[in-house]
Amino acid sequence: MIKINKKGNKAWVTFTLPAEDNLESASVSGEWNEWKSEPMKKKKNGDFYLRRLLDGGQSYEFGYSINGDEWKCDEELGCVASPFGSENSLLEL
């Protein structure tokens with residue numbers, strides 16, 4: 001789930017993964033950070049989240065790493081093919 005709060009030419013983006021039985025850890029990686037893994041924080045209800053300030057008017061591919069071994073697209077945004085044979089989500093601000 002993605003929440004976007006635009007402020008001028010910037011946007012606060014909150015990435016959220018809902019709690020699941022097998023979800024122990026999660027991180028997000030994308031074009032804005034050269035695909036470096038950023039650990040997500042766990043809420044009391046079991047959801048994981050991360051908030052980032054990104055440039056507006058841009059598009060970013062990204063994905064979630066689940067438990068360090070599964071790559072997942074955001075369910076709301078769907079998936080686009082990557083040049084590496086996997087799929088990424090596309091965030092358009």
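Tyr64 is buried, at a relative accessible area of 0% (buried is under 20%, exposed is over 50%, and partly exposed falls in between, using a 1.4 Å probe and protein chains only). Its partner in an edge-to-face aromatic pair is Phe62, with 5.6 Å from centre to centre and 85° between the planes. Phe62 counts as buried too, because its relative accessibility is 0%.

A word on the ground rules: this is a predicted model, with local features needing pLDDT of at least 70 and side-chain atom pairs counted only at pLDDT 80 or more, while totals for chains, interfaces and linings use all residues. Numbering runs from 1 along each chain as its sequence is written, and side-chain values use heavy atoms, leaving out hydrogens and water.

For the rings, Phe, Tyr and Trp (its six-membered ring) pair if their centres lie within 6.5 Å; planes under 30 degrees apart are stacked, over 60 edge-to-face, and the rest tilted. That rule gives 6 aromatic pairs. One of them is tilted and joins Trp35 to Trp71, at 6.3 Å centre to centre with 50° between the planes. This pair links distant parts of the chain, 36 residues apart: Trp35 sits in the loop between strand S3 (26–30) and strand S4 (38–39), and Trp71 in strand S8 (residues 70–72) (strands are DSSP runs of E, at least two residues, numbered from the N terminus). Trp35 counts as partly exposed because its relative accessibility is 36%, and Trp71 counts as partly exposed at 35%.

Ring pairs also tie Phe15, Trp32, Tyr60, Phe62 and Tyr64 into a cluster. Elsewhere, Lys43 lies over the face of Tyr49, 5.4 Å from the ring centre (a charge sits over a ring if NZ of Lys or CZ of Arg is within 6 Å of the ring centre and within 35 degrees of the ring normal).

Terms used:
Helix = DSSP H or I, 4+ residues; strand = E, 2+ residues; numbered from the N terminus.
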